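Dear colleague,

I am sending you the structure we discussed, together with a short account of what was found in it. Please look through the coordinates alongside the notes that follow.

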Amino acid sequence: MIDPNWLTSALAQAKTKPLTHLVNLEQPLNIEDYICAGGYCGARKAVTELTPKEVLALVSDSGLKGRGGAGFPTGMKWSCVPSLQDKSLAMNATGNSYLICNGDEMEPGTFKDRYLLEGVPHQLIESMIIASYTLSANKAFIFLRGEYHVAAKRLQQAIDQAYENNWLGERIQGTGYRLDLYIHTSAGRYICGEETALINALEGKRANPRAKPPFPQVSGLFGKPTVVNNVETLSNLPHILKHGGEWFKNLSPNSDPGTKIYAACGQVKNPGLWELPMGVTIRELLYEHAGGMKSGMQLKGLLPGGASTDFLVPEHLDTPMDFDSIGKAGSRLGTGGLIVLGDKHCPVAMVLNLLQFFAQESCGWCTPCRDGTAWAVEILTRIEHGQGTSKDLTQLAELCDFMWLGKTHCALAPGAVEPLKSAMRYFKDDFEQHIKQGCCTYHQNNLLSAKYISKVANNG
Amino acid sequence: MAEHNKTTNTKEVTIYIDNIPYQVSTDNNLLAGVLSNKLNLPYFCWHPSMGSVGACRQCAVTQYQDEKDTRGRMIMSCMTTVVEGMRIGLTDPASAKFREQVISAMMTNHPHDCPVCAEGGECHLQDMTIMTGHTSRGYQGEKRTFTNQYLGELVGHEMNRCITCYRCVRFYKDYAGGKDFDVFGSRNQVYFGRQKEGALHSPFSGNLVEVCPTGVFTNKLFSAHFTRKWDLQSSPSICAHCSLGCNTSIGERYGSVRRVMNRYNHDLNGYFLCDRGRFGLGFVNSSKRITTIKGINSKAGDPLTARLNEKSLANALAEHKAEQYIGIGSARASFEANRLLKYLVGKENFSLGYNNNEMQLALRHKQLLTQYPQQSLAGMENVTRRGRGKTQHDLVFIIGENIDQTAPRLALTIKQVLRNAALDKADDIGVKHWQDAAVRTYAGDKSTPLFSLQTQQTEFDELANSAVVLSPARIIFIVQCLTNMLKVDFSYEMVVPIQGTTVDEGENKHQSDSGVKCLDLSENETKYLLLLASALSQANAPLIVTGLSLKSAALLKAVDNLMACLSQKSHGIIPELTVVAPECNSVGNLHFFTEHTLSVEQILTRLAQTPANNEGKVSKGITLILLEQELSQISQAQRELLRSQCASMIVLDHSRTALTQLADVVLPSAAVSESSGHLVNYQGSLQAFYPAHIPVEPIMQNWQYLLLLAKYLFTHLSINFSSLKQLHLFFAERGEPWALQVMTCEKNREKRGKVARQTHRASGRTAMTANQSVHEIKNYLEGKYTQEEWLSYSMEGAYAGKGDEMPYTWSPAWNSNQAVFQHQKEVNGELQFKACNNLLNLTLSAFFDEMPQESLDEKLCELWPIEYDENKPQADKSLILIQNLPWYLAEQQAKILPEFIMMFAGNTVELSAQLAECFNCKNHDVLKINLPQKDIFAKTVINPQLPDNHLLVSVFELSIKVNNVSLTSEQIAKADHDEILKFKQIETSRFTEASKEKAAILARLKAQDQNIPISFIDRKEQ
């Protein structure tokens, strides 16, 4: 049974923390309790009162932007699906499109989707009903990170409950609308977070991103119109339907609309995540919510939105955390999860660690990413180990250029370049000191994997 | 949707490359447009025939918004659609630098083993490295290493060289439909190979050698004894291993053929060959080659001095002079040689080596060809469509011909035809056909309807909407039923036989069991027919494929009727027919086919009537002259009978056969790699082939030997010419159109001047024959061999690209076969110097042409009676033997190659469980089949899908020409203990002999490099 006190305090935040007010990590709400707490109102409104195009208009007007990292307007993404276009082709009639929820949260330093998936699974199901209805999709998939066992279990329970309560399956809530929802747990590749690689993986193919165009909205899963949305993006939908677009816009003064789940990890006192209005400053996030730097440490730099964003440094502390402002500061909002580097840790080692991750996770399709990331790892390993030369810095800069946007098949390698390039700019001295002194100036290699140390050492 | 389908119209637009205007076509991508203008832009993953996927990023260029834009943005040209007025930079520093970086990134793992790599000197990666200006390695780390796999006898694997362009898997899996090859792993550890080590199954695996831009996949036969491309002497040739006539380029050095490469022919094989064509030519180096003259004073042919003593030959031939001669030509000898032989012996005394059944078959074949022009492979694939928007095939129906075995390259074409439906679907959302990945994503599972009607399971069964395995007689019956249905506009309800089946099936079934009547249809057959008829009724341009391998004239007749019915305008269908001929010059021989042509049976009769010992003198009888003919369809006893009844037997052949053992005189003729002439492919196209090198005497070209025979045996004909060109002239003067066509064509070639067989950079051109004389070879050979050829045996002359038939593919900066685009009018288009398309004008002789259909059957049976007629119900319990040799053994000449023999798993006979029970045998039991040709032994394999009267045999010792013969159950028995032992011994020794032969050939050829055996010395000098 739901604790009435908990519910009252949760509901008090319904309009300020719409995404997380019902989160209960110990025991997520079952369908009755979720409905009791105002759940499925949005979905009911959508399927019984609105046409798909009206829902689309509502979502477009709300200004919702994708929370997966790129910040693409959700309404615009949806409107490219043939069934929602004015000139709809006969072949793309109802039932011929798919919705996929991207729950393959593998960005280092990011754990916001997990919070929603484990804490309030029904919210996602409700969201997917709304989105699928809008897209005229009769099948929807949740592509879940393989390691999210708890989420998979809780989601499946929630899906079962939704079927039992006629929120999934045939003739949802007495309407003519039908939706089947499936969970697919990933076999585990970072690249599956890229929507077209995700679609390939879901089809049972190699998880290589696809060339665009055609975009998934036209030729996606099994060649059918498909929309892939992030968990957090979708989770906004019930609230937008319930409270309207104006409310959503007003959640965040002077910034992108809505709230955002921000997170912080690394050398901070109080790592965690918080749903805050869009556009909170880095300073507020870091010093008020995350409790500031660990004792004895100064902020050296931070990645504002996961591993594939550029470093920001103390001078950027007053930048609002929204898509545009972070962009102007030279980085990307990404997932909104800060990775904080203190001044007692080696930035070269941190970048090396990140690049190892990207080189490991490269799908191997295009040359710049496949060979470029590995090459960068080779150079960074030598520098960190005190065997770098000044030529290496030139080579690294060239590699950054080589792997940049427009030159690669997808955004993985440019994402790898972002921390590397910005680190070489902001922490130039550190790189040069490594080379000059022939060793890591931080005297700690705990971020460097043992494998690479021994490999380089063996090579002399 | 109708408008969408018309998006393929060619449109030329102007684009600006480095501010210079160029015309490019909107049908293809920007990369193809740049290359079509003969500009150098490096690439790896894109392939002209396989389209774009955007993996390697090598073809990056800078695109500018307008004239004022100086920064531009980088795009991948292979992934970019061409639009009017677009501005791109090829030489701008940004894109040039990026392209260089791509190479340097690939070089982080590519080993520096060029000296031992067979690809060296024609490596696309080497070319692109130079082209991008990458000159030094920056990478200091370890290179990744892989374990290589054994991929069989044909293709070598060296994965460390891989630059991960994905071309191999895209060819093998996507384009050729192979299933045992894939891509594994990720990041910079991507592995291309098989899940498990083992021989590649695909008959197109050899194309990996050319598709791979570097030396990961190599031709094993070549790399065991490799030479650099620049040191090869090459000639334009025609593949002699099936009737398609794919164009090949043969490379030779030190008197031995080293390899076969694809020679681009826009209409025919395009960029790809099958493995029988690529590797099968190895037979020319076999120890089965005949190198001496048999039966004449041994001084006549001495292989060591390499001289041919014409005087002693003349003396000896005088011994074999006879009153009458019968000449037997063959479908693997050149058109000219057959023509000459027929002229020598006269049309009344000429045979094609066919038995009565094959004669009837030949007539039906000729009938079909005169009525239905045969499409080229490109026509079937509708390659032209990516431009000219012709209708494409929307249904494929394969009848009684296992094209995987008989014409493998056609099977590859059919696989592309099946993609038509997917390409059409891609048009719906405006995805360009060259966007390979996007088309496969959007419409990957969409396949053009395919129906297969075969005597055995084939590779196509799983792609087919419906496929049935039936006996030949049932196949004919199904085709007849289908024709009946079509006659009444597809309304199958009105067709009596089918109606009958569905109504009282039980009764009919009973009848068929008793063997009295089998004209009713089984449930399966009915279902198949209904599906097929309804699909055909919706098709606009069906492609019907059939062939002669079942040796069934009745089948061809049934197909003829079907085509006639389909072609009726009222159906609104434009059907196309493709008939697979048995051998490389079968269609050429149809030209000589008349009512006078002798069958083997007629020859035997004639011989019996003209006893050899008439008046006690041998010379008064009939002398048989056999041109590269082994008469493998008849039994050894018949061959011996032939020999005993003729006065003399003169055989011209390149390799030992049963007949060369019997013959009085064996004249060693040159194989296709050493001779010239024309072969006529399945379409009737006369295609010229030229020698890659001059054979060692006494091996001479077949027509040269025939001229010697003319000189000494057919003196009354006063033939006094000595070259192929004069031979053409001789027949041209006699009004033969083919000769005129060929002469015009050769004249055009000569006008353009000599083309060199050797490359401009052939090294040591004077030193390579220094043990004999320090001269260029050419000087000695002028006159006898090369005077009248437009190809020279040296570096002298224009480089290969200037010929319409290119000896090899090369152009400046492009040393690999990728160079071909430099010689095409546009990428994927025709060659700039297009070879003349000489179509043989096939006409039925008036004797047959004016005969009504009904009396034709009668007349045929009168001329060439055959023992059993497939149309008529079979005798009780009669069994049918169907050949099922794998593609690499399904042709006589290829069967000699040791590598192919080593690939063969052993003799098998497949039969249904019920039939196996009749012989009381289980899986793996050895069966003995008593054939008139010989006793054959094979392991039993139970195949539940086979009809109960079917024996599907794959027996090495049985000639491929013996097919669809009926047997009685008495001819089959379980082998006894001794026979099993003997069988097992034969099976093992076949493999060990082949592997010994493989090693022996290699050792001999390597030794030969040190002691060049070619006779370069002009006879007149001594």
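In which hand does helix 2 of chain B pass helix 3 of chain B? The crossing is left-handed. Please bear in mind throughout that this is a predicted model.

The geometry of this helix pair is as follows. Helix 2 (residues 93-106) of chain B and helix 3 (residues 124-132) of chain B have axes 9 Å apart and pack at an angle of about 140°. Angles over 145 degrees would count as roughly antiparallel; the two helices of chain B are therefore oblique to each other. On the side of helix 2 of chain B, the contact is made by B:Arg99, B:Glu100 and B:Ile103, and helix 3 of chain B contributes B:Met128, B:Thr129 and B:Thr132. Sorted by class, this contact of helix 2 with helix 3 of chain B holds two charged, two polar and two nonpolar residues.

Turning to the two chains together, their contact draws 29 residues from chain A and 34 residues from chain B. On the side of chain B that touches chain A, the elements giving two or more residues are helix 2, strand 4 (73-76) and helix 16 (436-443) of chain B. That side of chain B consists of 18 nonpolar, twelve polar and four charged residues.

Chain B as a whole contains 36 strands and 34 helices. Of its 1022 residues, 53% are buried. Among the contacts in chain B with a separation of 6 or more, 73% are between residues 24 or more positions apart.

Chain A has 19 helices and eight strands. Its radius of gyration is 23 Å, close to the 23 Å that the globule rule gives for 460 residues, so chain A is as compact as a globular protein of that length. The C-alpha trace of chain A spans about 75 × 50 × 35 Å along its principal axes. In chain A, 59% of the 460 residues are buried, and residues 24 or more positions apart provide 71% of the contacts with a separation of 6 or more.

One element of chain A deserves a separate note. Helix 3 (residues 41-49) of chain A has as its buried residues A:Gly42, A:Ala43, A:Arg44, A:Ala46 and A:Val47. These buried residues pack against helix 4 (52-62), helix 7 (121-135) and helix 11 (237-250) of chain A.

With kind regards

Note on methods: Residues numbered from 1 in each chain as written. Chains lettered and ligands numbered in written order. Predicted model: local features only at pLDDT ≥ 70, side-chain atom pairs only at ≥ 80, totals over all residues. Helix = DSSP H or I, 4+ residues; strand = E, 2+ residues; numbered from the N terminus. Rg over C-alpha atoms; globule rule 2.2 N^0.38 Å. Buried ≥ 20, exposed ≤ 12 C-beta atoms within 10 Å, placed from the backbone. Contact = placed C-beta atoms within 7 Å. Axes fitted to C-alpha atoms, helices over the stretch in contact; angles between N-to-C directions. Parallel < 35°, antiparallel > 145°, perpendicular 65-115°, else oblique. Left-handed = near helix turned anticlockwise from the far one by under 90°. Nonpolar A, V, L, I, M, F, W, Y, C, P; charged D, E, K, R; others polar.
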